[in-house]
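Biologist: I would like to learn how to read strand pairing and charged side-chain contacts in a model such as this one. Could you take me through them one feature at a time?

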Amino acid sequence: MTVSPMFPLEVAMLPGQELPLRIFEPRYVAMVGDCMAMPEPSFGVVLISAGREVGGGDRRCDVGARASIVDCQEFGVSKYRLLCVMGERIRVRHWLDDAPYPRAEIEPWPDDPDSPADPARIRDIEDRMVALLDRIGEARGTPIRSREIVESAGVDPENRLYALASRLPIGPADRYSLLSAPSEAARVEVLSEALDTVAAMVEFQLSE
C-alpha cells in the first residue's frame with residue numbers, strides 16, 4: 001500500500017476519462033504543489049457518497065481511480081488549472097488525517113483475471129447503444145453518428161467498458177457500481193442493466 005493525496009468528487013470518474021479541474025481551495029492548492037514535486041504527479045479520486053468536496057465534512061467511497069496530472073497551469077495567485085487523465089482503479093484501505101489535505105493508504109485494484117468479459121455480450125451492448133442513440137436522433141430530427149460514437153470506445157481496449165459507459169447519461173450511483181464491479185464480466189452486467197434503465201427512461205420521455 002502507498003499513501004496518496006486524495007481528491008473526493010461528487011462524480012465517479014472512470015479509468016480512461018479526462019478530468020479538468022480548477023483548483024483554488026487552499027488545501028488542494030497545497031496538494032497540487034506536493035503532487036507537482038513528484039516524479040509522476042498523481043492523486044486518487046473517489047466519489048463522495050454524502051456532503052460536498054468544498055469545506056470537508058464529506059463521506060467518501062473507498063473505490064476510485066488514480067488521476068495523472070498531464071497539464072498544470074497557474075492562473076492567478078494560488079490558483080491552478082489541471083488536466084488529468086484517469087488511470088488504474090484503486091481501493092482505499094485506510095483514510096488518514098485530512099491535514100493538510102485528504103490522504104489515504106491505497107492499493108491498485110485490478111480486475112479478477114479469471115472472469116473476463118464475453119465479447120459477444122460487449123457487442124450486444126454496443127448494438128443496443130447504437131439503437132438507443134439512433135432512437136434519440138430520430139426523435140430530435142437530427143441524425144446521430146451512433147455507430148461512430150460507440151466504436152470510438154474501442155480505441156482503448158483496456159478501458160473499453162468504461163469508455164462505453166462514459167457515452168451514456170448514467171448517474172453517479174451507476175457509474176460507481178460499474179467502477180466497483182470486481183471483474184470485467186461483472187462490469188458487463190452492470191453496464192447492461194444501466195443501459196436498460198436509460199433506454200426505458202428515453203422511451204418514457206418520448207411517449208409523453
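Predicted model: local features only at pLDDT ≥ 70, side-chain atom pairs only at ≥ 80, totals over all residues.

Biologist: In which sense do strand 3 and strand 4 pair, and over how many bridges?

Modeller: Strand 3, residues 42-50, and strand 4, residues 59-74, are paired in the antiparallel sense, and seven bridges hold the pairing. As a general idea, side chains in a regular strand alternate between the two faces of the sheet.

Biologist: How many bridges join strand 4 to strand 5, and which residue is the bridge partner of Ser 68?

Modeller: Strand 4 and strand 5, the latter covering residues 80-95, run antiparallel and are joined by ten bridges; Ser 68 has Val 85 of strand 5 as its bridge partner. Five residues lie between the strands of this hairpin, where Gly 76 takes a positive phi near 130°.

Biologist: Turning to charge, how many salt bridges does the structure hold, and what is the general idea behind them?

Modeller: Side chains of opposite charge can pair when their charged atoms come close. The structure holds 16 salt bridges, and one of them brings together the side chains of Glu 189 and Arg 121, with 3.0 Å from N to O. This pair links distant parts of the chain, since Glu 189 sits in helix 6 (residues 184-207) and Arg 121 in helix 2 (residues 119-140), 68 residues apart.

Biologist: Which residue forms a salt bridge with Asp 127?

Modeller: Asp 127 forms a salt bridge with Arg 147, and their closest N and O atoms are 3.2 Å apart. Because Arg 147 lies in helix 3 (residues 146-151) and Asp 127 in helix 2, the pair ties together parts that are 20 residues apart in sequence.

Biologist: What is the salt-bridge partner of Arg 135?

Modeller: Arg 135 forms a salt bridge with Glu 203, the closest N and O atoms lying 3.0 Å apart. Here too distant parts of the chain are linked, with Arg 135 in helix 2 and Glu 203 in helix 6, 68 residues apart. Salt bridges that share partners also join Arg 121, Asp 124, Arg 128, Glu 189 and Asp 196 into one network.

Technical notes: Residues numbered from 1 in each chain as written. Heavy atoms only, no water. Salt bridge = Lys/Arg side-chain N within 4 Å of Asp/Glu carboxyl O. Helix = DSSP H or I, 4+ residues; strand = E, 2+ residues; numbered from the N terminus. Pairing = 2+ DSSP bridges.
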